[in-house]
Amino acid sequence: MGSLSPLLRAGLSLLILPAVFAAPVAQDPAPVLVHARSPEGRAILLRLQFRKGLSAEGKALPRAFLAAGADPSGWVSFESLSPEGKRWALAALFPEDQWRQEEVRHTVRHPEVESVWTLAALFTGHGQNYDKVMAENPGLPEKLQEGDTWRIPRSLLSADLGGTGHRPDRTQPEDELDDEARVAAYRSLLSFGEDAQGKYAAYRMRKGEALYSSVVIRYTDRVDPRGVNELAERIANRNGIADVRGIQPGQLIKIPLTFLADPFQSEGSSGLAEEREVRAEVRRTVHVEAGPKLKGVRIVIDAGHGGVDSGARANGIWESDFVYDIAMRVRRLLEQETDAQVSSTIRYPGLGFKSREEIRTPSQAAEILTTPPFAVDGESPSAVSVHLRWVLANDLFASFRRTKGDTQKTLFLSFHADSLHPSARGSMIYVPGASLVPTTFGLGSAKTGHVAEAKRSARVAFTGREKLQGEARSRQFSEVLLKALQKDRIPIHPNRPIRNVIYRGGGRWVPAVIRYSTSATKALIEVANLTNEDDAANLKDPDFRERYAAAVVNAIRAYYRK
Ligand SMILES: [Zn+2]
């Protein structure tokens with residue numbers, strides 16, 4: 001989805017956000033360089049970079065400081081150092097730190113480039129442990145200040161540093177379940193009640209859980225950083241909790257009913273009734289079969305943003321080019337390996353439908369492939385290009401129907417990447433929530449840019465049954481896709497990776513490209529969360545993008561098989 005507006009960014013709470021949000025696209029601070037000496041007395045330069053972490057000049061490093069197979073030319077990353085090398089580098093970079101039996105006491109020395117994430121990466125072996133590091137230091141501001149002393153208990157230290165090798169523990173018993181069973185399991189963890197402040201659902205915190213991920217992101221429809229933090233604060237206030245980082249396992253958290261997502265609403269509510277109707281439809285809906293070569297399947301692939309709109313931005317990358325690259329890989333694999341009929345909604349003229357190994361700068365030109373093509377150059381509002389995508393796709397599906405194509409074998413996929421709360425790392429899939437799809441909708445010519453497709457396909461109408469079927473089929477596909485991603489160890493969103501609504505700033509909606517799509521099956525795939533450093537690193541890696549595309553194609557084949 002699109003990036004947050006500067007206004008939203010400015011409003012971000014510092015309460016529980018890691019410093020990764022502190023300056024999303026501003027210029028990175030200069031790296032800190034430290035002149036260190038090896039045990040033999042050789043000069044070695046250490047470099048600490050904002051968000052990129054620690055590295056050591058390779059040429060003078062003793063062999064014993066290098067991990068097996070590490071390349072000593074140029075800068076050697078912290079991860080490529082041996083346990084001995086890591087301990088030496090940390091001691092040289094942070095001479096004030098006290099390494100005690102039960103903990104390390106780290107004194108902040110370079111607040112301009114240090115962050116809780118960086119500390120977690122260096123000391124625990126994984127940035128994803130930042131919330132555990134914060135939980136161990138409830139009195140300290142999340143924005144690091146020079147001279148602050150952060151405790152890192154031995155239980156959190158990485159094995160290389162003599163700790164117990166704490167892995168980022170984000171698994172929950174429900175992770176292995178399919179979506180329906182998982183949501184039911186989450187629901188069974190709630191108890192409903194009422195007190196002087198009104199009706200609530202109560203949740204008992206489990207070990208390793210945090211308010212924003214295990215309560216807000218799981219039980220409400222909020223996933224954007226501002227919405228998650230605001231609601232976490234409200235819920236904390238309602239429960240008399242002064243510091244959300246001090247919440248203990250076993251503590252009961254009362255969530256006001258009004259904030260709960262549909263599946264967790266109380267008995268008798270319309271939200272819960274709608275949820276159950278969709279689940280019943282999913283169970284009733286029979287899979288469509290097309291054989292391994294996908295013969296007779298019509299697929300339209302969309303890549304979000306492009307041209308003047310580069311989409312979400314964080315950690316040195318931006319949404320448009322990276323999701324375009326994945327979409328192009330999906331396109332190529334489908335063309336090479338299947339008989340499916342494949343079209344794209346958007347093309348980067350300088351590049352065509354090719355994928356790239358390296359993506360250096362945002363592409364400036366993109367066109368929606370209508371007749372004539374519509375340049376995404378900012379001449380018209382970008383809402384036009386968003387609408388033209390579904391208009392074009394629907395037009396392609398209509399001509400497929402006219403040539404006796406099976407309307408049940410139509411698939412629309414839109415690729416995006418998000419900038420969410422960093423705990424929500426991995427892929428998330430949006431399906432069109434039946435209750436948010438309109439019965440009729442038509443675009444005026446001001447919004448269609450007078451393309452030929454708009455004359456035929458700018459109006460849509462959906463019966464109640466079609467809305468339910470649309471959500472049900474899209475949910476079935478999303479389930480198959482998550483399995484394919486999991487099988488290839490591609491991270492997926494914890495808690496609820498399939499969502500049927502976007503909730504932001506008080507509004508609820510389904511993205512337009514899937515809301516108005518006449519395709520039998522449609523999904524908007526958030527490939528990764530750019531705000532999460534590990535996700536951003538994945539997107540930068542062409543091998544990851546290829547693996548991701550292959551998983552999508554595997555999922556499409558599995559979906560059209562009985
Ligand atoms: Zn997007």
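A residue is called buried when its relative accessible area is under 20%, exposed when over 50%, and partly exposed in between, using a 1.4 Å probe and protein chains only. Helices (H or I, at least four residues) and strands (E, at least two) are DSSP runs, numbered from the N terminus.

The structure is a predicted model, in which local features need pLDDT of at least 70, side-chain atom pairs count only at pLDDT 80 or more, and totals for chains, interfaces and linings use all residues. Residues are numbered from 1 along each chain as its sequence is written, and side-chain values use heavy atoms, with hydrogens and water left out.

**Overall form**

The protein chain contains 15 helices and 25 strands. Of its 562 residues, 58% are buried. Its C-alpha atoms fill a box of roughly 80 × 60 × 45 Å along the principal axes. The radius of gyration, taken over C-alpha atoms, can be set against a globule rule of 2.2 Å times the number of residues to the power 0.38. For 562 residues a compact globule would come near 24 Å, and the 25 Å of the protein chain agrees with this.

| Helix | Residues | Buried residues |
|---|---|---|
| Helix 6 | 211-219 | nine of nine residues |

Because every one of its nine residues is buried, helix 6 is largely enclosed by the rest of the structure. Thr 220 lies in the loop between helix 6 and helix 7 (225-238), and it counts as buried because its relative accessibility is 0%. Thr 220 and Ile 255 are 35 residues apart in sequence, with their C-alpha atoms 9.5 Å apart in space.

Helix 12 is followed by Arg 489, which has a positive phi near 55 degrees.

**The largest pocket**

On a 1 Å grid over the protein atoms alone, a pocket is an open set of points where a 1.4 Å probe fits, with protein on both sides within 12 Å along at least five of seven lines; lining residues have an atom within 4 Å of a point. The largest pocket is lined by 35 residues, with Arg 51, Lys 52, Gly 53, Glu 533 and Ala 537 nearest its centre. Helix 14 gives the most to this lining, with five residues. By automatic or database domain assignment, domain 1 (6-161) and domain 3 (289-559) both contribute to the lining, so the largest pocket lies between them.
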